[in-house]
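Subject: Structure handover

Dear colleague,

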Amino acid sequence: MTLLRSITIIAIVWMILDPSLVIGIVVSALVGLQMAAWVWPRLVYNQISWQRSVPSALSPAEKADVVLQIIYRGWLPLPYLVVREDIPASLSEIPRRQWVVSLRPGQHYTLRYSIQGRQRGLYWLGPLKMWVGSVFAINEVQLGEPQQTPLTIVPTVLPFQTFYLPAALPYSQERYHLSLFDDPAQKMGVRQYQIGDPPRRIDWKTSARVGDLQIRELAPVIARETLIVLAFAESEYPGRFSYDNRERAVVAAASLAAALIYRRQPVGFQSNGYDPLLRQPVATLAPAAGVDHLREILLRLGRIEPATDGEPIDNVLLGHLALNRGGTLVLITSSLSVRILPVLLAIRRSGIKVSVALADPGPTDLLQARQHGITAFQINRDGVLVPDV
């Protein structure tokens, strides 16, 4: 019971015991004041709206401002509005922000606070709660339903210089016998002109030297597609360091995707992990190039969580792969299990090049991969892909 209400009850009792005009006026004023205090917030709370502005994604250690725009469309002044925002601890050292503001009719009020990405994952800002009160801080009314805004902290992308990609791997335009076009920058030699050869490929200097028309022979190349497959079921990362191994695998996948797309190579992404934003398995991305496509890959990697009941990665590999014949499959997982190796060999026989990156390889995993002609990487403690040499 508030102080004002207690005074009102005492005044009413006094008026009953000793009725007088003065006491009646005091009681009427106290009752009217409380009625106004009860009605006032209920008249204006429907005239308040708000919106939260925040980037949809941040990189680790990146800072950003969250802007709360309070819009008041009422005709009466608002004595005070309490605004409270809950913030995940991983984004701010202050887990809750609270403001008390007064609003004039038709006023727009802006509140602002800073956040900083620290750890990869999906976070929710809010809920934002507001209370409308009267001058006497009684009969507060809470506004509407709480609304949260998702924010994704994408994984760390290691600089390109930290990658140790051997030149033999098909991570750029590579000579390949299934080529659909020729690379004019890769000259293999010359041969004698034949009817039907394009005139633009005539080597005039050599022709003048030998006295006969000679044609430049060009090395065939093909723009290779790469599909990054990330194993992310809980059962695929056993042991006491399972969390660290999963996070290093995510960093390796993000850095590899960025390195390839920066080389203008088509990259796809597939996983058996779980997307908490969509509440379903992570959606597959077919190979494509461009910064926008890289952003989509990083967003999926930022949100991905281990699936408790997801299908094993070997079932994913045996299913529909978003990769054409002649492309490259890079499987990122913890170790090379006995079930995965036969699947990788079958995929290779279908005309797809296969590589593996292991976060926690067993004693013979790298040796087995090498014996079967599969290019293998080990993911070090920073998430760098180190080739098995």
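Among contacts in the protein chain between residues at least 6 apart in sequence, what percentage join residues at least 24 apart? The share is 70%. Please keep in mind while reading that this is a predicted model.

To begin with the chain as a whole, the protein chain has eight helices and 22 strands, and 48% of its 389 residues are buried. Its accessible surface comes to about 20,600 Å², and carbon and sulfur atoms account for 56% of that surface.

Next come the charged pairs. Side chains of opposite charge can pair when their charged atoms come close. The structure holds six salt bridges, and I describe some of them here.

One of the salt bridges joins E85 and R52, whose closest N and O atoms are 2.9 Å apart. E85 belongs to strand β4 (residues 78-86) and R52 to strand β1 (residues 48-53), so that the pair links distant parts of the chain, 33 residues apart.

Another salt bridge is formed by the side chains of R120 and E247, with a distance of 2.7 Å from N to O. Because R120 lies in the loop between β6 (108-116) and β7 (121-125), while E247 lies in helix α4 (residues 242-262), this pair ties together parts that are 127 residues apart in sequence. Here, too, R120 and E247 are both buried.

D314 and R339 also form a salt bridge, and their closest N and O atoms are 3.7 Å apart. D314 is part of helix α6 (residues 313-318), and R339 sits in the loop between β19 (328-333) and α7 (340-349), so the two tie together parts that are 25 residues apart in sequence. Why does D314 count as buried? Its relative accessible area is 9%, and buried means under 20%.

The backbone deserves a careful look as well. Most residues other than glycine have a negative phi, and most peptide bonds are trans. Against that background, there is a cis peptide bond between G126 and P127, with omega at about 10 degrees, and P127 is found in the loop between β7 and β8 (128-133).

R264 has a phi near 65 degrees, a positive value in a residue other than glycine, and its place is in the loop between α4 and β15 (267-271). With a relative accessible area of 73%, R264 is exposed. The phi of R279 is near 55 degrees, again positive in a residue other than glycine, and R279 is found in the loop between β16 (274-275) and β17 (280-281). R279 is exposed, its relative accessible area being 69%.

Finally, there is a feature of the surface to look at. Which residues make the nonpolar surface patch of about 540 Å²? They are I9, I12, V13, I16, L17 and V31. Helix α1 (residues 3-17) gives the most to this patch, contributing five residues. I16, which is found in helix α1, has a relative accessible area of 63% and is therefore exposed, since exposed means over 50%.

With best wishes

Conventions
Residues are numbered from 1 along each chain as its sequence is written. This is a predicted model: local features need pLDDT of at least 70, side-chain atom pairs count only at pLDDT 80 or more; totals for chains, interfaces and linings use all residues. Side-chain values use heavy atoms; hydrogens and water are left out. A salt bridge is a side-chain nitrogen of Lys or Arg within 4 Å of a carboxyl oxygen of Asp or Glu. Helices (H or I, at least four residues) and strands (E, at least two) are DSSP runs, numbered from the N terminus. Buried means under 20% relative accessible area, exposed over 50%, partly exposed in between (1.4 Å probe, protein chains only). Contact means heavy atoms within 4.5 Å. Accessible areas come from the Shrake-Rupley method with a 1.4 Å probe; for residues, only the protein chains shown count as cover. Patches are made of residues with over 30% relative accessible area and no salt bridge: like charges are joined within 9 Å, nonpolar side chains (Val, Leu, Ile, Met, Phe, Trp, Tyr) within 5 Å.
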